[in-house]
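Dear colleague,

I am handing over the structure we spoke about, and below it I have written out what was found in it. Please have the sequence and the structure open side by side while you read.

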Amino acid sequence: MVNMAGGWQGFSMEDSRQRNMEMQENFKELSPAEVLVKLQRGNARFWTGCASRPEASAFERRAMIMQQFPSTAILGCSDSRVPVEVVFDQGLGDMFVVRVAGNSLDTSTTASLQYAVKHLSVKVLMVMGHEGCGAIKAAGLPIAQIEQEPQELANALKMLKRGLDEQRLKNVHDARAYDREAVITNVRRQVEGLCRDAAIMKKVQNEELIVVGCFYEISSGIVDFFMEVTEAPTAAAEPHLVMKGVHSGVQSRMEYHVDQTPKADCEGSEQGVIFKRQVSFTPPAQESAPVKPSEGDGIHMRYAMALA
């Protein structure tokens, strides 16, 4: 650091270049699994009220001018209640964020995520929907009502509507369950769309990338990592996505492979989409909780019960 005449400490561009190189080396050392765990821990800090809210100093910000090294790219909703950096307790330069109503893929959002994967080499590619999504609710309205909206908005809602599988959703009668299932269905469709991208699947195959689907519950602050793509066998003609195991903190998992003609409950078939939801979560040990509870404190118990 250079001592400036005014009495405050400054830094040179050479200092900034050196720091940028350090940031690059730190980024290269991270594995996709480590990045995913980092996100899960950040969310746990957020919803338990222990967020660190990392801030970058002027020196750190100057070092970022030269090059960025986000470890995660996320397609999220533009809803004001879902600021993703806050939800995951991340700081400047940590996340490459694409936000649009209904967290849906179109030319612009797809291109942005492709850029993050190809040129920024992100380690985790995430699609996150959320509780009470107005875009998904609107997409569930009758077509005649949707067409009363401005043309661009109506087109966007109709695009979302096509992926909602409304015939199946009619069987869900509880309002909150319907809301969650509709949002999760949309997230699955967007993840499936991303997984038809050959460049993305090559990264998955090479274990350079994990693709995840998430549901953010606004009321609790918890993010459910319900869908994870970590494997793409080379033998399959179409991307065949199988998830093995589960990372610490992921509450559920799925096995499936992408095809243009989805079929439910088709395990062992060469076609269709296999959906297998399994609860698979072990509450963290007391010493690994975001805040170590004191004697008589109920924080850890609430933490475990909320995730169980």
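**Helix α1 and its surroundings**

In helix α1 of this predicted model, the buried residues are S16, R19, N20, M23 and F27. Seen down the axis of α1, these buried residues fall within an arc of 105°, so they line one face of the helix. They pack against α3, residues 58-64, whereas K28 and E29, on the other side of α1, are exposed.

The length of α1 was also checked: its 17 residues, 13-29, should span 24 Å at 1.5 Å a residue, and because the end C-alpha atoms are 25 Å apart, the two values agree.

One of the buried residues, F27, deserves a separate paragraph. F27 lies in helix α1 and counts as buried because its relative accessibility is 9%, with the cut-off for buried set at under 20%. Leaving aside residues up to four places away in sequence, F27 touches F69, P70, S71, L120, S121 and K123. F27 and D94 are 67 residues apart in sequence, while their C-alpha atoms are 9.9 Å apart in space.

As for the protein chain as a whole, its secondary structure comes to 12 helices and 9 strands, and buried residues make up 43% of its 308 residues. Among contacts with a separation of 6 or more, 63% are between residues 24 or more positions apart. The accessible surface of the chain comes to about 16200 Å², and 51% of that surface belongs to carbon and sulfur atoms.

Technical notes: Residues are numbered from 1 along each chain as its sequence is written. This is a predicted model: local features need pLDDT of at least 70, side-chain atom pairs count only at pLDDT 80 or more; totals for chains, interfaces and linings use all residues. Side-chain values use heavy atoms; hydrogens and water are left out. Helices (H or I, at least four residues) and strands (E, at least two) are DSSP runs, numbered from the N terminus. The expected span of a helix is 1.5 Å times one less than its number of residues. Buried means under 20% relative accessible area, exposed over 50%, partly exposed in between (1.4 Å probe, protein chains only). The arc is that of the directions from the helix axis to the C-beta atoms. Contact means heavy atoms within 4.5 Å. Accessible areas come from the Shrake-Rupley method with a 1.4 Å probe; for residues, only the protein chains shown count as cover.
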